[in-house]
Amino acid sequence: MAISQEQPVAARPARASAPALRRLLSNFLLRRVLKALFTIWLMASITFILIRLIPGSPVDVYISNLVLQYQIPYIEARQQAASLFSLDLDAPLGQQYFEYLSNLVQGDLGTSLVTRGTTVSTLILRYLPWTLFSVGTALMVSFTLGILLGMLMAYKRETRIDHVLTNIASITSAIPDYLMGILLVVWLGVQWSLVDITAMRGSLSPGVSPGLNFTFIRDALYHASLPILTYVLGTIGLWMLTMRSSTESTLGEDYVTVARARGLRGGRIALAYVGRNASLPLFTQFAISIAFVVGGSLLIEWLFVYQGLGYVLYNSIQQRDYPVMQGVFLMITTMVVIANLLADLVYSRLDPRIRIAGRE
Amino acid sequence: MSTSKGSPIQFEHVGRSYGVGTQTVRAVDDVSFTVEPGETLCLVGESGCGKSTTGRMVAGLLDPTEGRVLYGGRQVETLNDQERKRYRRAVQIIHQDPYASLNPIRSISQTLSAPLKHHKLVNGRTELRNRLEELMTLVGLTPPGDFLRKYPHQLSGGQRQRVSVARALTVEPEFIVADEPVSMVDVSLRVSLLNMMLELQSELGVTFLFITHDLAVAKHFAWEGRLGVMYLGRMVEIGLTPKVVGEPIHPYTKSLISALPEPDPDLTRNKERIRLRSLDIPSLLELPPGCTFHPRCPYYEEGLCDTTRPAEDTVSLNGRLAACYVMARELGQEDRIPEESRRQAKLHEQRAS
Amino acid sequence: MARNERDEIATGSAATPPEGDLVLSVENLVVEYRTGRGPVHAVRDVSFELRQGESLALIGESGSGKTTLGLSLVRLLPSSARLHGTITFYSKDGLQTDAATLSEEELRRFRWQECAMVFQSALNALNPVMRIRDHFKDTYKAHQRDGRTFDLDERSREVLKFVQLDASRVLKAYPHELSGGMRQRVMIALGLLLEPRVLILDEPTTALDVLTQRAIIEVLRRLKEELGFAMIFISHDLSLAAELADRVATTYAGRIVEIGDVQQVFYHPRHPYTLGLLNAVPTLAGGREDLTSIPGTPPDLIELPAGCKFNPRCPFATDRCYEDDPPLIEVAPGQLAACWNWETVGAQWEEGRTQ
Amino acid sequence: MTTATQRQAPSSMGDRYETLRGMGSTLKLMTNNKVGFAGFLVVLIILVVTFIGPLIVPFDSTADVSQIYQPPSMQHLLGTDSAGRDVLIQIVHGGRDILIVGFLAAFVSTTIAVTLGSLSAFIGGRTDSLLTWIADMVLTIPQLPLLAVLAGVLRLNGQAAVALVIGLLFWPSLMRAVRAQALSLKERDYVESARALDLGTPHIVFREIAPNMAGYIAINFTLAVTGAMYASVGLILLGLVPLSGTNWGVMINLAWVGGAIFFPDSIWYIMAPILIIAIFQLGLVAMNRSLVEMFDPRLRRG
């Protein structure tokens, strides 16, 4: 998470720039939002350039396909491409770009090439919740479990349980999560057949419709269990190790000794003194890992045929369905950027030293 | 005091401010003084009073944002390359923390040889060897052979500070800025470090700017020199050490002297105490108007002290300066109080009577 | 006026400590840390007593083991430490508890009720993510069940007023919003909350500026005179002992080398280390002193020399000093020094005094 | 005080001898951390197998349908795959692409990170906030999806292209770490006194600061290799990177897409590429423990 707050107080000679602007910029929250918007804009521009400008870009490939395969005259093929990409191909570049952006702002991401008529937005609305659900749950589970185990390892330092957990953590954090996913399927599914992997394919069993009823929730969890387990295995190791070292240094702090001197109960000290302070640095890391895990969903969802945004993105890349590719990628980036923003806010609420400074 | 060959370093209304978020903080505010070659000037003050920043500006490691720093009468910024190089090597610095002032992965001989070889002050290995041993003996680290091979983590705090001094001496400086050199060393070992530096001064004629928060150490080290007291970025009093310690003028100096405990039960328990009006130091971000000590000063007079800021030389008795209107009036230098403050003071007097 | 002549006019306020009843007695306390390079002998057979309303200063420099001594009294040592000996606290109702034998839970209830501590760096002695008010609440809640019930808010304001802090502003503030001096005063106020019989202060003024230090000293003086607390100061600063202590003990290499009434130790020292300290500390009063340092370097608590541990740096050392370690010998009524040649040391000091 | 353990020749030798003797004892230090040394050996062995193995073991992809999914035997030490080809040969020949991409990408991202990190720390002011800002922004972009989109659109063929793209995306977190380290080193007193002694920027950067950061960079380089391998094998698995021939990634992809995993006795064929990648990554991470000690000044030349 990119709080530039931890930058040391910039010892730069004072300059008389517009004070109003500086007061505005120094507002911690506003700076975050501006940066988030800029990232999204940048990603939108990059995909625009990729789709439209690079020689042999997908638009041209699509047009030549139409001309060759269906013998559609070039001009007509261009019209079709323009409507699908919601782009006016003849207009000067600047104008196209501007149009592309304005469509974006109104949520019109163009329509899919492969499944005619379905707009990218509907695709996103249908598949986004599954990724949010699986990745979100996994992150929560992995983060909380990681913190608790990390603290346990620090409290029980140099004992057998510490060594065992440390080794597990370093092994799982070293091995790529998708390889662990494959191992889960191979061993749990095939070799020991503890789990019926074919039934678990997809994100929902056929015939079960989304709704706030028990069967849906049970079924959704059943399908999502392996992807979530893979995400957790992929990230928990890092949390355990970071929390362990952070707790170890916090245990050495004076205020913990003073808390013990004041006769506070072990539980209270572990929660409000050690836990809270030791977990602070993990929040910064939590935001960074969001981008990593959401990114990883592309592979994990492909692995388990779990129909989330990652899976849709994979298919759109395979089938050269550029509008969907462009829209979904932008959606994933937006999701990560927003998650980072939220993580920033949570962090600034948690650490009063930042919150007060932020408000000045 | 042996005649020393150096040039004086002069501060003229020097200031240094930093941008903190949207506000600007003045760490050093309109300070002027001159350090003559061979002299010892000691700067004393509480943490955050700007003494270290001043030290770094004297050593040319930090540029002022206001005012001028002069070396040998010429402004430092306008020196040409050759003169600037001479100024750069003429002033060296010794730091406070023995554990951070030496590069942990370089041996003592590597640390000391770097300047000697870089500036070609020695040619050939034997001359380097002799110069290293000479430096080690100068700072009292004998037998030199043992120490030269060691690494910083193998030495005690006091020994590391001696290496720091030896490193400063490699380029034969005229001027050494010592920023709290003894405050992290055990009391029982401090004196030998101070005495060693005093011997260097008499032997080599080095000028010293000695920075400390401990008045007693300042008195011991700068007994033959001058003492400057700083508060919230300003020089509130400066003069010959025996005078400033014996008969302080500025209320802040008086409070410091009266507050300092002495290692002698009867003396320190019966010392006359000055009651401050408030215990806590105002923050540099919101400085009180007029004299910045007025919220705590027992001699505070409404109107007089909180209107304009007393200049450094408000009280001026042949070289002895103090920035306080009340004392100026007491010492018959009423004419040096600006009109504005006098008018405000009268106003409050009428209202009060 | 040379320092030594001044004590002729020894007016001195607290000449002899008030004869309060016994509050704490430590017998043959030994503390060792297990480290990679072998055991560290931080505290080597220390014994002393503390009476009601009396304040004892433990003076020592790096390698003296003084902080370990302080922490061991309430058993706050890290797990690598081994502790032997008895630490007996005498509570108001005459109950004697040996802290060395208390179980974890008994120890938890005992701490801060009987014996509170104030640490050096006040900045991280307080939990940075918690308001000051919650620190008071935690302390109160931790001992509520042992029958200590009182109006927390009223009591907190009372103790904060005692240390001259504006309770309404301080209670809702976070630690980083307070200055060093204010944080130290909050720590002292926290120490008073449960009215313990003993207050241990580890370098209470070291990290503070002169004027703030003076404020803390005044608070501690009122604490002693008005509330009659028994106090132990741990510091390297002789001036703090001179200001506040009734009795002074100088410590070296894990042992008390001299202990006595403040007048005796400052004006009639009998141990070479105390002598060395007194001659090494610069003072503000009077003209320039010819100060002398103690030669050599601080002791390495792992590889201690045979015999008296000060012999490598001692100008008075004779053969015997290199063989056996001297016990504390009575050199004057109520004054003990651990030195075989204390007479010659005394003679040289007194003779130096009369010049 | 610990006296210098080994007897040294009189120290009148120049700096050169000092660094030589230093290097010797530094390498010796690699061995004293057991786990770290084990990791180092694993990495070394796999590198040897990958880059020297193919010279010794000729590539032979003769399929033999009668021999599919054979368990490990004398002729086929690691058994055979779905087409009866020897798995060991594929493993020996399968590492080159992956490792080259891994190390190349790590080299690219480390170089960018170290340059931008040091620049940002030393110049400070606007450049610093701009570079940090860019780094923070790139950090919030999910790397794998962007890589996949780039691979899909740009037809990345050849290791250099893949490595470059991965390298260009992986530098921010290392850059922030390098910047923080450089900032803290820059403020150190011994750097200020080097400036006072007018020893010049080259001395300060390469003699005072760089040696203190070497360990830091080495550790982050190994982490960058693991990150780059994660991404490249991922892309191969998704079939988005048309790497010709066989490599560990392709083996897993074929096993997975080809449904080999559903044959119980194909376990050896599937596990071989997964284990070799996992073990290599574990070796790198374990090696870091020695790197930490190797560059810790107290241990290095004590």
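Mentor: We shall discuss the helices, the domains and a chain contact in turn. Please keep in mind that this is a predicted model.

Trainee: Let us start with chain D. How many helices and strands are there in chain D?

Mentor: Chain D has 12 helices and 0 strands. Read along the sequence, the pattern is α-α-α-α-α-α-α-α-α-α-α-α.

Trainee: And what percentage of the residues of chain D count as buried?

Mentor: Of its 302 residues, 50% count as buried. As for contacts in chain D with a separation of 6 or more, 72% of them are between residues 24 or more positions apart.

Trainee: Into which domains is chain D divided?

Mentor: Domain 1 of chain D consists of 30–55 + 77–95 + 260–302, and domain 2 covers 96–246. Their C-alpha centres lie 24 Å apart.

Trainee: How many residues of each domain of chain D are in contact?

Mentor: The contact involves 16 residues of domain 1 of chain D and 13 residues of domain 2 of chain D. On the domain 1 side, α2 (34–51), α4 (87–123) and α11 (267–294) of chain D each supply at least two residues. The largest share of that side, 9 residues, comes from α11(D). By class, the domain 1 side has 9 nonpolar, 7 polar and no charged residues.

Trainee: Staying with chain D, at what angle do α8(D) and α9(D) cross?

Mentor: Helix α8 (residues 189–196) and helix α9 (residues 200–237) of chain D cross at roughly 155°, and their axes come within 11 Å. Angles over 145 degrees count as roughly antiparallel, and α8(D) and α9(D) are therefore roughly antiparallel to each other. The crossing of α8(D) past α9(D) is right-handed.

Trainee: Which residues make that contact?

Mentor: From α8(D) they are Y190(D), V191(D), A194(D) and R195(D), and from α9(D) they are H203(D), I204(D), E208(D) and I209(D). These residues divide into 5 nonpolar, 1 polar and 2 charged.

Trainee: Now to chain B. What does its domain assignment give?

Mentor: For chain B, the assignment gives domain 1 (9–245) and domain 2 (251–352). The C-alpha centres of these two domains of chain B lie 31 Å apart. The contact takes 19 residues from domain 1 of chain B and 17 residues from domain 2 of chain B.

Trainee: Which elements give two or more residues to the domain 1 side in chain B?

Mentor: They are β2 (23–35), α8 (215–221), β9 (226–231), β10 (234–240) and α9 (241–246) of chain B. Of the elements on that side, β10(B) gives the most, with 6 residues. The classes on the domain 1 side of chain B are 11 nonpolar, 4 polar and 4 charged residues.

Trainee: Is helix α1 of chain B mostly covered or mostly uncovered?

Mentor: Helix α1 (residues 51–58) of chain B is mostly covered, with 7 of its 8 residues buried. The buried ones are K51(B), S52(B), T53(B), T54(B), G55(B), M57(B) and V58(B). After α1(B) comes G60(B), whose phi is positive, near 70°.

Trainee: Finally, how many residues of chain C are in contact with chain A?

Mentor: There are 23 residues of chain C in contact with 19 residues of chain A. The elements giving two or more residues to the chain C side are α2 (104–110) and α3 (132–144) of chain C. The largest share of that side, 4 residues, comes from α3(C). By class, the chain C side has 12 nonpolar, 7 polar and 4 charged residues.

How values were computed:
Residues are numbered from 1 along each chain as its sequence is written. Chains are lettered from A and ligands numbered from 1 in the order in which they are written. This is a predicted model: local features need pLDDT of at least 70, side-chain atom pairs count only at pLDDT 80 or more; totals for chains, interfaces and linings use all residues. A residue is buried if 20 or more other C-beta atoms lie within 10 Å of its own, exposed if 12 or fewer, and partly exposed in between; C-beta atoms are placed from the backbone. Two residues are in contact if their C-beta atoms, placed from the backbone, lie within 7 Å. Ala, Val, Leu, Ile, Met, Phe, Trp, Tyr, Cys and Pro count as nonpolar, Asp, Glu, Lys and Arg as charged, and the others, Gly among them, as polar. Axes are lines fitted to C-alpha atoms, for helices over the stretch in contact, and angles run from 0 to 180 degrees between N-to-C directions. Angles under 35 degrees count as roughly parallel, over 145 as roughly antiparallel, 65 to 115 as roughly perpendicular and the rest as oblique. A crossing is left-handed if the near helix is turned anticlockwise from the far one by less than a right angle, and right-handed if clockwise. Domain bounds come from an automatic or database domain assignment.
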